[in-house]
Structure formats: structure tokens, C-alpha cells
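Student: I have this model open and would like to talk it through. Could we begin with how the strands are defined and then move on to other features?

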Amino acid sequence: MSSSSTKIMRGSVRRSKRRSAKRPCPANEDDASGSVTSVERPGRGYLPNPAGGRLSPEQMESLFRLPFPNELELDNFLRPVSPSAPSEAGPAVPHSHRLRNAKSPPPGPSGHLAAYPGPRPARRSSTDEDSCDPMGEDLSLAGSAAAAAYHLRHRSPTPGPSGACTPSCGAASRDPTLLPYRKRPRKGSLVETATEKSVAAQYLLYELPDEVLVTIFSYLHECDLCRAARVCRRFYKIANDLGLWKTLYQNVFEYDRPLLHPAPCEFEFVNPDDCELENPWKESFRQLCYGVHVRPGWEARVPPPPPAGRARSSRVAYAETVESAVEQSERPGAPANPLIFIHTGHYMRQSLVIKSNVQLIGAAAGNVAKHVIIEHGNESTLKFGKGARQAYVGYVTLQFVPDNESSHLKHYSLEVVANAAPSGEHCSPAADQCSPTVDHCVVRSRSLVGAAVCVSGARAEPIVRHCDISECENVGLYITDYAQGVYEDNEISKNLLAGIWVKNHANPVMRRNHIHHGRDVGIFTFNNGQGYFEANDIHANRIAGFEVKAGANPTVVRCDIHHGQTGGIYVHENGLGQFLENRIHSNSYAGVWITANSNPTIRKNEIYNGQQGGVYIFSDGRGLIEHNNIYGNQLAGIQIRTNSCPIVRHNRIHHGEHGGIYVHERGQGLIEENEVFSNKLAGVWITTGSAPVLRRNRIHSGKQVGVYFYDSGHGQLEDNEIFNHLYSGVQIRTSSNPTIRRNKIWGGQNGGVLVYNSGLGELEQNEIFDNAMAGVWIKTGSNPTLRRNKIYDGREGGICIFQRGKGILEENEIFRNVQAGVLVSNDSHPILRRNLIFDGMAAGIEITNRATATLEANKIFNNRFGGLCLATGVTPIMKGNKIFDNQDMVEKAIEAGQCLYKISSNTSFPMHDFYRCKTCNTTEKNAICVNCIKICHAGHSVEYIRHDRFFCDCGARGLRNPCQLQGEPTQDSDTLYDSAQPSESHTLKYNDN
């Protein structure tokens, strides 16, 4: 800077000081009224305010919206005007609108101050980028604030080592895109030649370096910066420097990020680098400038001169305590939504009762709530009552640390209470309502007898979000007495009792909360509590993740309930509830427990990987269990016991380490249209007096039995598809007596239906086909009834009855089986009436091994080895049977001199005379047909055994001498006089745990 320029600037400063000393300072009217005081900067005076006192919120708002001046305003604002001779360009500008700190230009030839010429060139369109407000806002100044006189700060910038000004927050060090702010005069502009303009204005507007201006502006308050931005485009750009506003903002509010406040009860920190706003620091200051700051000791503090670049706000109001700030905000005439900033500190014994729309927010750097703590020990730390419709508290820690545990039954860290008005009183709903917003708070309580947060009353409807309610010595969040509210994105953990209690008709909405590691249940709804719980993560609680009791009826949707140390969901004592689309997994006990007359709805959930069962219903439990995917549990996917009677339908129950559905101890229920598959034990167990109804299920691909009735298991099995099991499709044993009707049973590797060990049952209208062994086995004293069934395409016999088996077989169709249509053996005595037995690959009916039968009105035809084959000593009771058109392939083979093995191989057992060869040392398990005795064993010592079912071991090449009647040898084992014995289920080897 030249010496002449320096002298001009110093002279201007001296004259400005003299004028300031002659003017009296305006009185501070706020002090007289008892309101929160403004801070005056020593030696600098007040910002001009015609009304006196600090600016109102409306004035502050308008101040931040000052417009950029047009060309004529700039001309009038900067032009030095002679008091006696108005310029030709227009009337004289009021004295208060002149830039008072600018040095006057040198006099003109006549000795008067030079004035700009009259007519000005046409101004560019208002849409020009340089003349538009970058935020697109109306920046008009309301009221008399526009006429307030402007004072540049008189403090000089700190000189550097070389004597030059050293800006502490220069624009060049912040954002290179903002430099250079200086610009060359445009051709045809206001100041076209040096002789037509003020030398000081020319220097200030165009020649003074940007760094010097930034340093000067760093001493200004927010109001000064906004007014300076009106001078010219260059000032506008420099006054909006990000670094200037960031420094000013952080000194006032302490935040390390801009906090936007777009509407009441809405606050949001933004990243300045990603924000779409041109200057987020300034915009945040504008939105928050009307607040009162609680900073103990600052109200009476006379601040020392700040270092360069660290000026304080000139219009910030301070209070000593939170209580005094709240009282001030609730006085008549206060703003509709007063804002109180609670700065860093531990505020002990602060008990706040809020009954208005006051907004409380912590102010600190870093983790705000961690550095702002409000604590009490005798009363609730913060209590919202009626009238707090748009109250707010955010970014603080609320603590209750009681002095005496026994006296704090109703004291909490945070309390929201608003009961409905008595029926005799007439109050508006808005007057009764209490709906504060609690945001980003940390809540702690050391009380052993009270919750950390309590919400009660029919008009209590708070919004609680992003809060941390943890490590409390009782319940975390307690909602009762018809209270409602919205609770979102909270962290609720490590509480001594339940994380959340909902009772007495309370009906909250809870979304996306994280509820975990509680030393009791996660969420407990009881005594008619309700609520809507969506997308919550509930895990690792010591008891159930979600408990419902005593008429409670919550709706739980899309929650993740897992790793509970007891169970996932526990519904008991007449509990209700809707549990929809949840993920319930990896719990130590059952995923869902339903007991004691409870009747919830469990729908479209994923229930898997439980350390015990999936769904466990006992002690008169009910419920609707539908459209769930239940898999991978260590015990049964669904267990029903002790008089329980649920409805189980449209579920997929699969890949369990135990069984699919287990019904025992007089369990009941309707089980329909489920798919039960790939379980390690039985698909469905029914035992110990249970009698469920199974309809239209698909039960398949199990590692053992499809449906297993044992120990007096009963029930109805109707219209199901049961197929592809490693054992039988259905097993009935030990006095079980189910009704099995209209089912399709196929693909069993051990037969279709096995009835044994005194089993009973009624099988009607079933299709039993394509099983690896017999379609139906009846043995060991069992006595079922089979009516109107179709039993066909078995890879062994149709019906096998042996080992004292009984049964009534009526009106069945038995056809296309590889062995006998009906085989009766080993002291058995069934009754066969009006059956059709046809198209068999062996005989129609074979009776052997001391067995007998009652045969009445049966039709036996077109069977390959004959219609009725009786072993030696068998005398059945026969009446009205029709045996016709059978092929008698055995007699034909004997007449043709063939070995009987040629027509039977080792898959069927034709009934005829068989012999033993002593010369060849055959055993009792070997049999030789009559033709092989004549040809292959001619001259040997042979003996006749009996007339029975067998295949020829000579033809099968099972003897030392080769058969002379057969071609290629066929490997074979010893003859079996009965079909292979079916395998019994190993289910009983496992405990019923």
C-alpha cells in the first residue's frame, strides 16, 4: 500500500472516531425489562438498532437476508454529497446511509466534493449472475433495521513480520475458487475514469488486496458481515467467505459441523463439503441466531478483546442456568418456539418442567450429548407436561441419580405425562396434548424402582428418536396408561429389567430400534398393552426377545429377533399379538412360545436355527401359525402339546435336525396345506393321546417316516401327499387309531403304510402306490380297517399281513404289484370283503405259514401266478369269491419243463411244491423246483418239503452244481419265504425334548 493511501485511510479512521465520540450511546432497554442481556463489546459500541436492545428474531432473520444492492443504490450509497448542493443524479442520500468509515475524496476544482455524473448507463438484467443472491432468497431488510448506521471495526489487523497485514482467516487459505474478489472496472460502468470517483472508494472497492479485506472482516460480527455484503459485489463475495462464517459460528455455537434447523423440532448436522448450500455455516447461523445460550458465567463476563479472526457475536443472549432460560422463554411475548442452547457442562440438580413449546439442544464440539449432562436426584430430571406440543430436547445426557432409592417410585430421567381432561371439563385437545421431540439424547438412571423414561397418559404422544437408553438399573422405556408416541432408531441395551415395557392400553409406534443385551426381556407388553413394532433389532436378551402377556395385543412387523438366551417370542396368559414377516433365529430355546390360552397370529416369519424348536405351543395354547418358513432347528419345527389347539397352515417346515411337526400329550390343532420336508426324523409325529387334523399337506423327502402315530396317537390325516421317505410314508403303532382318508402315499423306501405293535387305524379312499416294499404292512397284532383304497404299482406286494396281523380289508382295488396282491403269513387272520385284486405280477392272494383268512365276495383275476395260492395246511374261510382269468404261469412252466426261476427270478415267489437235495447238502433255506429235481438232481437223494411260495435256488445258481435248465448264471442269496421285513422308525430313540 502506498504512503498516500495509508494517510487517507488513517485520516478516515480518526474522523470516524471523533464522530463516534460525539454521539451518545443508545440505552440498553433490555436490562431495564429484566430480559436476557446482550453482550457489548468494550470500546466498540452497540450495533445501531432504533428500537434499542438486541434485535428481535424477525429482525435477525431479515438481516441475514439483506439483498445485494443494485447499481443506483451503490451509487447513492457511496457518493459523497454536499449538504447545500444536491447532486444532479438525484436527491441527497440520508446521512445514516453513507459509509462512515470511508475517507472523503479530494475536493474538485470548485472546492466542493466531486459528484458522479447524472445519467447512468443501463443496468444489466436482474437475472445477471453477479447481481443475484446465491441462495435464491429474498434478502429484504424488515422494519427500521435497514436504516441502521454502519460502523467498521476500528481495530487494525495484526501486522506481520514485515509490517504487512497478516489475515488469520484469509480467503486464499480456504477456498481458491473464491479468489480473486477484485475486479477491473467494466467499460461504461459507474467509475469509468479516475477523475470521476472517490479515491478512497476506488481503493477500497478495487485496489485493496483481498487478504486485507478478509482480515478486516474477520473482526466483524454476523450483523456487520451481512451489512457489509450490501456494499458491492466484491464485499458480498468476501463477506460470504466460508472460513469467516465457520470461525464465527464455532465461536458462538461450538459445533464442528453446521446444524440446520429448517422447521420447529427439526435439527440436522450436515457435512459442509457435501452440502448443497453455498455457505452452510452462514445458513445455520441464520436459522439458529434467535436462540438463548446457557453458559454459566458468560452473562456477566466482559469479554477481552478477541484475537484476530475470533470475534464474538454481538447479539448473543446468555443465561446462567437451564431453569432460568426456560422461565425466560415461557414469559409472555416470547417467540412461539424459543430455542435454548445448553453448552458444555455438567448441570447438577437441574429439574426441568416443560409446559410450552421450548426447544432445548446441547451445544458442544464432537459428541455433543457426551459433553452436555443434566442430572437430578430428587425429582425427575426433565418432565414434559400438557401444552408441550412442539417442545424439543436433543443432544444432551439426562441422568437420574437418586439420593435415597426408597423415595423415588415416580421419578425418572425423562418423563412425559399428559392425561386426558376429566369428562366434566371442556378443554381443547391441543391444550391437553404433550408431544415433545426427544432427539439424540443419552438417558441414564440409577434408580432401582423407576424406569429411565416414562410416558403416561392418553394425550402423551412424544417422538423419541436416535436416543441411547442403556445401562439403567430398572426398565429402560416405560409406556403406560393409554400413552402413544413414535420411537425410532433408539439404542436400548444393558438394562437390568426389560428394555421396554408397554402396558395398560398404551399404543406406541416403534421402528428401527436396537434392543439388546438386556438382563431381562427385550420388549414386554402386558395388561392390554398394544403397539406397532417395525424393523427393530432385538437380540441377546437374557429372557425372551419379545414377551406378550395378559391381554396384550402388539403388532410386530419385520423385526429381527435372535440370539435370545431363553427364547425369541413368548406369548402367555391370554396374550395376543400379530407377528408378521419377522426373522426369528438362533435363540437358545424355542423361537416362539405360545401357552396358557394365548392366541397370537404368527405369519410370514422366518424361524430358523433355534437351539431347540421353532414354534412351541403348550398348556392350552392356541394361535394362527401361517405362511412361515421354519427350518434348521435342533428340535421339532412346530411342537404342540398339553391340550393346545393352534391352526397351522401354509408353512414350509424343513431341514430340521429333529422332526417337522410334533404333537403329543393330548395336543390337537388343525394342520393344513403345509409343506414338510427333508427333516431328519419324522415329518409329523402324533403321540400320547393327541388328535390333530392334518389336511392337504405335502409331507415328503424325510430321512425317516412321513407321518408317525404311536403311543395312542390319533387324529385325522386327510387329502395329504406323503412321498419319498427313507422309511414308510405312514407308521401306526401301539394302540394309535388315526383316520387316514383320501391321501396319496407313494415313494416310500420301506413301504407305504406300516401298522404294527397293536396299531389300529382306519384307512379310506387313499392312493398308495409306487412304494419300494409293500403298499400296506399289517403285523404284530395290529388290526386296522382298509376301505376303498387303491393300492398299486408296488415294487413288492400290495398288502402284507404277518406275525398275527389282523385287519378288515373292504372294497379296495389292489393291482399291478410285483408280488402278491395280498400276502397273509405267520399266524395272521385278516378279513377280506368285496376287494378287486387283479393284474398282479405274482398271485392274487397268497396264504402261508399257518395263517388263515376270511375271504368274502372278492374278485381275483388276471394275476400272473394264479388267483388264490394256499400253502400246505392252510384252510381259509371262503364265501362268494370270484377267481377267474388268471394266467397260471407256474403250471405252464412245469408242463414245459422249465425251471421256475425263469418265470420268477428273485423278485417274486411262485407257490408250488419244493424239494431239498441231500446229495448237494442243501439247507432249509434252499428250495429246488420239481423240474430241476428231475433233470439237474437226477439220481440224487432228495426229499419233498411242502407246497409253499419260493423261487428255485438251483436255477438262481445258488448251489454247487450248475442248473442244466438255465442259461447264464444269476447271482442270488438264500430264498426268503416272506417279503423283507419293514424297518421301524428310530424316532423313539430320541427324547421328546
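Tutor: Two strands count as paired if DSSP finds at least two bridges between them, and helices (H or I, at least four residues) and strands (E, at least two) are DSSP runs numbered from the N terminus. This is a predicted model, in which local features need pLDDT of at least 70 and side-chain atom pairs count only at pLDDT 80 or more, while totals for chains, interfaces and linings use all residues. Residues are numbered from 1 along each chain as its sequence is written, and side-chain values use heavy atoms, with hydrogens and water left out.

Student: OK, which way do strand 15 and strand 18 run, and how many bridges join them?

Tutor: Strand 15 and strand 18 (residues 468-470) run parallel and are joined by 2 bridges; within that pairing, V443 has I469 of strand 18 as its bridge partner.

Student: And how many bridges pair strand 12 with strand 15?

Tutor: Strand 12 (residues 397-400) pairs with strand 15 over 4 bridges, in the parallel sense, and Q399 stands opposite R444 of strand 15.

Student: Which way do the side chains of strand 15 point?

Tutor: In strand 15 (residues 442-445), V442 and R444 point one way and V443 and S445 the other way, and all are buried, where buried means under 20% relative accessible area, exposed means over 50%, and partly exposed lies in between (1.4 Å probe, protein chains only). In a regular strand, side chains alternate between the two faces of the sheet.

Student: Switching topic: how many salt bridges are there?

Tutor: The count comes to 40 salt bridges, a salt bridge being a side-chain nitrogen of Lys or Arg within 4 Å of a carboxyl oxygen of Asp or Glu. One of them joins R641 to E665, with the closest N and O atoms 2.9 Å apart. That pair links distant parts of the chain, since R641 is in strand 40 (residues 638-641) and E665 is in the loop between strand 43 (661-664) and strand 44 (670-672), 24 residues apart.

Student: What about R696 and E672?

Tutor: Their side chains meet in a salt bridge of 3.1 Å, N to O. R696 lies in the loop between strand 47 (693-695) and strand 48 (698-700) and E672 lies in strand 44, so this pair ties together parts that are 24 residues apart in sequence. R696 is partly exposed at 39%, whereas E672 is buried at 9%.

Student: And which residue does E810 bridge to?

Tutor: E810 forms a salt bridge with R833, the closest N and O atoms being 2.9 Å apart. Because E810 lies in strand 62 (residues 808-810) and R833 in strand 65 (residues 831-833), the pair ties together parts 23 residues apart in sequence. Salt bridges that share partners join these two into one network with other residues, including R695, E718 and E856.

Student: Last one: how many residues of helix 9 are buried?

Tutor: In helix 9, 9 of the 12 residues are buried, so this helix is largely enclosed by the rest of the structure; among the buried ones are W245, Y249 and F253. Helix 9 (residues 242-253) is followed by E254, whose phi is positive, near 75 degrees.
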